[in-house]
Amino acid sequence: MSARIAVYPGSFDPIHNGHLDIIARCRPIFDEVVVAVLRNEEKRPLFSVEERTEMVAELVGGDGFCRVESFSGLLVEFMERIGARTIVRGLRAVSDFEYEFQMALMNRRLNPRVETVFMMPREDYSYLSSRIVKEVFGFGGDLAGLVPPTVLDRLSGRLGRRDPPA
Ligand code: PNS
């Protein structure tokens, strides 16, 4: 039987505990997870694709189960190159559904052999997104337990930090 390779794609700008929770949930189901970091410099991410890839690799790379790669262009073409047929996406709330549904069906149209599997992160992370992480961090909010310390360090280096309001 061929290895069950899952691709977990995203911007990961930056990775947070909700993403890590989804990767952990893949362990009993797949033989390997490839975290695929989108090269989307035109969207002006806070971190370059190299930095985002490095952050993910620091947290989950190197144990034989999870590897990290960057990609540009169509996700299904990247998957073809690495021989993967399953996309994993996290579904936090009903509001995610419409966008995810569109993407899943478009990817299936582009390559009918590709399936998308949705996983729900731990409830504590159901409101967490990279956008909210950057915003809360920028205003000095507490992100303990939501973002790994190495990512908090990188955020400090990039955004600085305002004091919380008195
Ligand atoms: O974390 P994000 O930003 O919601 O991830 C979005 C991502 C990377 C999964 C999506 O933008 C993507 O797959 N981009 C690659 C281009 C592509 O294949 N588009 C067709 C699917 S609609």
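Trainee: Which element gives the largest share of the shell around the ligand?
Mentor: That's H4, with three residues. Keep in mind that this is a predicted model.

Trainee: And which elements give two or more residues to that shell?
Mentor: Strand E1 (5-10) and helix H4 (94-110) do. The residues around the ligand include Pro 9, Gly 10, Tyr 99, Met 103 and Asn 107.

Trainee: How does the shell split by class?
Mentor: Seven residues are nonpolar, four are polar and one is charged.

Trainee: How much of the ligand does the protein bury?
Mentor: The protein buries 76% of the 550 Å² that the ligand exposes when taken alone.

Trainee: Switching to pockets, where does the ligand sit?
Mentor: In the largest pocket, whose volume is about 1,100 Å³. Of its 39 lining residues, Pro 9, Gly 10, Ser 11, Arg 89 and Tyr 99 are the closest to the centre.

Trainee: What about the second largest pocket?
Mentor: Its volume is about 220 Å³. Among the 14 residues lining that pocket, Ala 3, Gly 83, Ala 84, Arg 85 and Arg 113 are closest to its centre. The lining divides into six nonpolar, four polar and four charged residues.

Conventions. Residues numbered from 1 in each chain as written. Predicted model: local features only at pLDDT ≥ 70, side-chain atom pairs only at ≥ 80, totals over all residues. Heavy atoms only, no water. Near = heavy atom within 4 Å. Areas by Shrake-Rupley, 256 points an atom, 1.4 Å probe, with all protein chains shown as cover. 1 Å grid on protein atoms, 1.4 Å probe; cavity = no way out; pocket = protein on both sides within 12 Å on 5 of 7 lines; lining within 4 Å. Sits in = over half its atoms within 2 Å of the grid points. Helix = DSSP H or I, 4+ residues; strand = E, 2+ residues; numbered from the N terminus. Nonpolar A, V, L, I, M, F, W, Y, C, P; charged D, E, K, R; others polar. Points joined across faces, edges and corners; volume = space filled by probe spheres on them.
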